[in-house]
Amino acid sequence: MATETMRAVRFHDYGPPSVLVVDTIERPEPKDGEVLIRVRIAGVNPIDWKLRAGHVQRYMPITLPATPGLDVAGTVQAIGEGVTGFSIGDKVFGRGAATYGEFAVARIATIAHIPDGVSFEQAATLHVGGVTAWLALFDGAHLEAGQRLLVQGGAGGVGSIAVQLGHWKGAYVIATASTANVGFVRSIGADEVIDYTAVNVEDAVHDVDVVVDTVGGEVTAHSLSVLKPGGLLVTVVGMADAETAAARGVRTEAVGHPAETRPILEQLGTLVASGVLKPEIQQVYPLEQAAQAQAASETGHGRGRILLKVAD
C-alpha cells in the first residue's frame, strides 16, 4: 500500500520565522486513544514561535525537523484503537500535535465536538486561549462573583477570554490594554480598562482579589503590589517570585496543564454557541504564510487570536 502524504509546515533548524517551510511528509496515523483530524484551522500561539526560535529547548526538547501547532479544528478522518465517543466525519476541536499541516493526531482526552453554530475559526481559538483562561480563573483562583479581578493583557488571546469569563462569572473585571484596544476590551465585559501606555497600573489599581497575568516579565513583579492581603496572582507565562509575594502577604500560582481538557472544552464550546463567549480573531493566514503569522504573534501586540487556514 502506498504511503499517504500531506503538506505541513516545518522548521529544519532553529531561527527566525523564515526557517518555516512547507514540506510534503508522511501522514501520521492515530494510535490507541487518538483520532486523525483533517485540519481546517490551526491556531498560532506564542509557544509555537518560542519552540521554533529555540527559546525553550531546555524545557521542551524536540527532534528536528519539527512541525509546530497545538490548537486545531477540523473533522475526524480516522480513529485509533479504543476510541469511543467520536466517529469519522465528526467536527472536533481542541489540542492536537503538529497541527500546522493537512492532518494531525489528537488524543480524545484533549478534543471535543464542535457545537452547532460554532465555526471552525471560533473553535480553533479555544484550547490554548480558552482552556488556559479557564484554568487560571476557576481551577487556580476559584474566582467568585463579586470579587475584583485584574487581567493583565486584556486584548490578547488568553486575556480577552479571561475578561469575558470573569464577566460571565460575575466578578468586577479590570483589564489592561494599549490605547488602541481600550474600547475593545471594555466592549467584551471589562468594568474598567487601564491604558498601560499612559498610566502605571500599580498606581491605578488597588485591593484586587485575583490577578491573571498573561504578559510576564516586569508585569508579573508589578502585579504583586495591586493585590489585597491574601490575594492571588496567577501567572500564565513565567513564574512570580514566591519570597517577594510572601513578604507582601499575597499568594502566587502558575497555570497547570491537566491531561484531560475535554470537559473544559465542552463548557467553552457551549458558551460560544450561546453567545456568552465571543472569541476575537485578529487575522487568518493561509498555511503557506505561517512565517508571517508567527511574526505577527511575536510582536506581542494585537487583538485576539491568529489562525492558519489549512483547508476550506
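Because the coordinates are predicted, local features are reported where pLDDT is at least 70 and side-chain atom pairs only at pLDDT 80 or more, whereas totals for chains, interfaces and linings use all residues. Residues are numbered from 1 along each chain as its sequence is written, and side-chain values use heavy atoms, with hydrogens and water left out.

The protein chain contains 10 helices and 15 strands, where helices (H or I, at least four residues) and strands (E, at least two) are DSSP runs numbered from the N terminus. The C-alpha trace spans about 65 × 40 × 35 Å along its principal axes. Of the 312 residues, 53% count as buried, a class defined by a relative accessible area under 20%, with exposed meaning over 50% and partly exposed in between (1.4 Å probe, protein chains only). The accessible surface of the protein chain comes to about 13700 Å², of which carbon and sulfur atoms contribute 49%, as computed by the Shrake-Rupley method with a 1.4 Å probe, only the protein chains shown counting as cover for residues. Among contacts (heavy atoms within 4.5 Å) with a separation of 6 or more, 61% are accounted for by residues 24 or more positions apart.

Helix α10 (residues 290–298) has as its buried residues Ala 290, Ala 291, Ala 293, Gln 294, Ala 296 and Ser 297. These buried residues pack against the strands β1 (5–11), β2 (20–26), β3 (34–44), β14 (281–286) and β15 (305–309), as well as against helix α1 (46–53). Just after α10, Gly 300 takes a positive phi of about 75°.

The protein chain carries 23 positive and 34 negative side chains, and the centres of the two sets lie 2 Å apart; Lys and Arg count as positive and Asp and Glu as negative, while His and the chain ends are not counted, and the place of each charge is taken as NZ of Lys, CZ of Arg, CG of Asp or CD of Glu. The structure holds 6 salt bridges, each being a side-chain nitrogen of Lys or Arg within 4 Å of a carboxyl oxygen of Asp or Glu. One of them joins Glu 288 to Arg 7, with the closest N and O atoms 2.6 Å apart. This pair links distant parts of the chain, since Glu 288 lies in the loop between β14 and α10 and Arg 7 in strand β1, 281 residues apart. Glu 288 is partly exposed at a relative accessible area of 47%, and Arg 7 is likewise partly exposed at 30%.

Arg 10 and Asp 23 also meet in a salt bridge, at 2.9 Å from N to O. Arg 10 lies in strand β1 and Asp 23 in strand β2, so the pair ties together parts that are 13 residues apart in sequence. Arg 10 is buried, with a relative accessible area of 19%, and Asp 23 is buried at 18%. A further salt bridge connects Lys 309 with Asp 312 (3.1 Å, N to O), in which Lys 309 counts as partly exposed at 36% relative accessibility and Asp 312 as exposed at 67%. Salt bridges that share partners join Arg 7, Glu 102 and Glu 288 into one network.

Asp 213, placed in strand β11 (residues 208–213), is buried yet has no salt bridge, the nearest side chain of opposite charge, Lys 50, being 11 Å away. Leaving aside residues up to four places away in sequence, Asp 213 touches Gln 152, Val 219, Thr 220, Leu 233, Val 234, Thr 235, Val 236 and Val 237.

Most residues other than glycine have a negative phi, and most peptide bonds are trans. The peptide bond from Leu 64 to Pro 65, however, is cis, with omega near -5°, and Pro 65 is found in the loop between α1 and β4 (71–79). His 142, although not a glycine, has a positive phi of about 50°; His 142 belongs to the loop between α3 (126–140) and β8 (148–152) and is exposed, with a relative accessible area of 54%. Asp 207, also not a glycine, has a positive phi of about 55° and is placed in the loop between α6 (201–204) and β11.
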